[in-house]
Amino acid sequence: MPLKSFPIDWVINKAATPGAGYGAAERAVLDEEGFERAWNTVTRWPGYKPTPLVSLPGLARAAGIGELRYKDEGGRFGLGSFKALGGAYAVYRLLARLGTPAKDVTVASATDGNHGRSVAWGARTFGCRSVIYIHATVSEARRAAIASYDAEVVRTPGTYDDSVRICAEDAAKNGWHVVSDTSYEGYREIPCDVMQGYAVLAEEIVREMREPPTHVFLQGGVGGLAAAVVSRFWQAWGARRPHTVVVEPVRADCLFQSAKSGTPTKATGDLDTLMAGLACGEVSLAAWDILKKGAAAFMIVPDDAAIEAMRIVASGADGDKRIVGGESGVGGLAGLLAASVNEKARADLALTRDSRALVIGSEGDTDAELYKKLVGRSGDEIRAA
Ligand SMILES: Cc1ncc(COP(=O)(O)O)c(C=O)c1O
């Protein structure tokens, strides 16, 4: 099956330290003790089970690499994305730290969909109230999904970054606790709890794979998912950890721009991407502290590359299992496939016929209507086939 080529760009991270161990600077952001606590908590929640790590040999052949594994987060706790692990865990930790009765606590969060769903679910599960802020272009389906967990949902004008600001202002006025997945100046503890929750999925991979993959392609919004995965792989595998490529939409390229300038830098694009979960204009400072040395390269891909990747996994290349991967969920895979048919990218990223690549399918059809429009069939039809 021939793969299409797309206009992509990438930057090799000159500050990367591939041979170095997990150091004090990284430990100050995400330490092993914090990870153990997250693992021991989340894996005891009712309904916990590791998500599938699917082998896609047909697609690996098409991409001219040795092996491809797809960690399918679509079924995570019935919430449709890996985000179920993070926001809910941060709510749990916050309530434990506060020590006040949960019913007297309100948590607030800005979201492009998936994080808010996790916070709302965590709040309902642990008995506190939640107010979730969504920006202008978050779909009605995503709003309804959040509201279904008894959250009060507030729609704000502007972008995701505007909703983050408005949420912070309202929370300060009302004495609510912001549970954000992005960290900024003076706000680190909760986003680090969120990332420790995400690291659970990386640990499942560590436990399942006999040998570390050579490459992992991770989609980035603010960088939390990528940092959590890099961190856990670094802790577990040390210098044998995979070469990490962080992939973003062309129009929401804050991590790519930060890598280029060597310091947190805003996105140059207008954030207008259908990869809603990745439409972020600024990096999470705590995540950046891991990625600035932990990621080998940063890449940008157009939306069309993600749509193509959604269709490919939905039809199952060359006899592969069919997978329902949402717009943001296939970002890393889109980057890998586009790089695999680009000679210069292959050389720069050291992709060869022997490479064993891993991607995290970070969501299923979290926006079922959009999914059907882009793929031509509904997620339910594909799962039933
Ligand atoms: C499905 C999905 N994948 C990936 C990401 C990116 O995560 P982060 O913003 O932590 O980089 C998000 C963020 O919302 C998401 O919803």
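Student: By class, how many nonpolar, polar and charged residues does the lining of the largest pocket have?

Tutor: The model is a predicted one, and the description below should be read with that in mind. The lining of the largest pocket comprises seven nonpolar, six polar and six charged residues. These make up a lining of 19 residues, and those nearest the centre of the pocket are His-135, Thr-137, Val-138, Thr-273 and Ala-276. The space in this pocket amounts to about 360 Å³. Two domains take part in its lining: domain 1 (9-82 + 195-384) and domain 2 (83-189) each supply at least three residues.

The second largest pocket holds about 300 Å³ of space. Its lining consists of 15 residues, and Asp-161, Val-164, Thr-182, Tyr-184 and Glu-282 are the closest to its centre.

Rolling a probe the size of a water molecule over the atoms shows where empty space is left. Across the whole structure, three cavities of 30 Å³ or more are found. The largest cavity has a volume of about 250 Å³. It is lined by 22 residues, with Phe-82, Lys-83, Gly-221, Gly-277 and Leu-278 closest to its centre.

The largest cavity is also where the ligand sits. Around the ligand there are 16 residues, of which Asn-114, Gly-221, Val-222, Gly-223 and Ser-362 come nearest. By class, the shell around the ligand has four nonpolar, nine polar and three charged residues.

For Gly-223, a backbone N or O atom is 2.8 Å from a ligand oxygen, and for Val-222 the corresponding distance is 2.9 Å. Gly-277 has a polar backbone atom 3.3 Å from an oxygen atom of the ligand. On its own the ligand has 390 Å² of accessible area, and the protein covers 99% of this.

Technical notes
Residues are numbered from 1 along each chain as its sequence is written. This is a predicted model: local features need pLDDT of at least 70, side-chain atom pairs count only at pLDDT 80 or more; totals for chains, interfaces and linings use all residues. Side-chain values use heavy atoms; hydrogens and water are left out. A residue is near a molecule or strand if one of its heavy atoms lies within 4 Å of it. A polar contact is a pair of N or O atoms within 3.5 Å; within protein, one must be able to donate a hydrogen and the other to accept it, and residues adjacent in sequence count only if both atoms are side-chain atoms. Accessible areas come from the Shrake-Rupley method with a 1.4 Å probe; for residues, only the protein chains shown count as cover. On a 1 Å grid over the protein atoms alone, a cavity is a set of points where a 1.4 Å probe fits but cannot get out, and a pocket is an open set with protein on both sides within 12 Å along at least five of seven lines; lining residues have an atom within 4 Å of a point. A molecule sits in a cavity or pocket if more than half of its atoms lie within 2 Å of its grid points. Ala, Val, Leu, Ile, Met, Phe, Trp, Tyr, Cys and Pro count as nonpolar, Asp, Glu, Lys and Arg as charged, and the others, Gly among them, as polar. Grid points are joined across faces, edges and corners, and a volume is the space filled by probe spheres set on the points. Domain bounds come from an automatic or database domain assignment.
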